[in-house]
Amino acid sequence: HGHHFGRTPAEDDVMPTFQGMSEQDKLSDIEVLNRALFFENRGVWAYRFAADKLSASEVGRAVLALAAQNRADHEAHQDLIGNAIINLGGTPVKMEKEYDLSSFIAKGVGNLESDVNIAKLALALEVGAAAGYVSDTMQLKSPALRELEAGIACVEAIHAARIRIAF
């Protein structure tokens, strides 16, 4: 399919929706998407970080399996959102070396000291991300992006449910 210049059909569907958008709307959407990307980056980082802390117990292994599944979803979202930002002419935020989770830990929603607490911390991050998506989605100007973010919010909710059911 050389005539597509390497673009997938899905991208062809997404591209035209940005035509006719004002620069201001594009900048606004880039900002919203970068906020979402921040959540995704933090999620991926937190799952990687937590994976190192988990014990080899049954609970630890269960958390690890969930974390791997959820992290793979987050990594797919990083790509989706990053591409959308680039298509809008923006620059995706980079993943930081470290994220400060102390505000979550201080609230007592979980910590990195035991397998169950790590799962609770992951849950708090997922719930925070899903809530962030829902409020942010309303601010997006592009209908295609609203759909993209709504889809991601559903996945985040599934993650939270998976963790809840397990513990």
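Arg35 is partly exposed, with a relative accessible area of 34%, in what is a predicted model. Its salt-bridge partner is Asp136, and the closest N and O atoms of the two are 3.1 Å apart. This pair links distant parts of the chain, since Arg35 belongs to helix α2 and Asp136 to helix α5, 101 residues apart.

| Asp136 | Arg35 | 3.1 Å |

Glu75 lies in helix α3 and Arg48 in helix α2, so their bridge ties together parts that are 27 residues apart in sequence. Asp73, also in helix α3, pairs with Arg162 of helix α6, and so parts 89 residues apart in sequence are tied together. Salt bridges with shared partners join Arg48, Arg71 and Glu75 into one network.

Glu40, placed in helix α2 (residues 23–53), is buried yet has no salt bridge, the nearest side chain of opposite charge being that of Arg42, 9.9 Å away. The side chain of Glu40 does make a polar contact of 2.5 Å with that of His74, and, neighbours within four places in sequence left aside, Glu40 is in contact with residues including His77, Tyr133, Ile152 and Glu156.

Ile152 and Glu156 are themselves among the buried residues of α6, a helix of 24 residues (143–166) that reaches 35 Å from its first C-alpha to its last, close to the 34 Å expected. What covers the buried residues of α6 includes α2, α3 and α5.

Terms used: Residues are numbered from 1 along each chain as its sequence is written. This is a predicted model: local features need pLDDT of at least 70, side-chain atom pairs count only at pLDDT 80 or more; totals for chains, interfaces and linings use all residues. Side-chain values use heavy atoms; hydrogens and water are left out. Helices (H or I, at least four residues) and strands (E, at least two) are DSSP runs, numbered from the N terminus. Buried means under 20% relative accessible area, exposed over 50%, partly exposed in between (1.4 Å probe, protein chains only). Lys and Arg count as positive and Asp and Glu as negative; His and the chain ends are not counted. A salt bridge is a side-chain nitrogen of Lys or Arg within 4 Å of a carboxyl oxygen of Asp or Glu. A polar contact is a pair of N or O atoms within 3.5 Å; within protein, one must be able to donate a hydrogen and the other to accept it, and residues adjacent in sequence count only if both atoms are side-chain atoms. Contact means heavy atoms within 4.5 Å. The expected span of a helix is 1.5 Å times one less than its number of residues.
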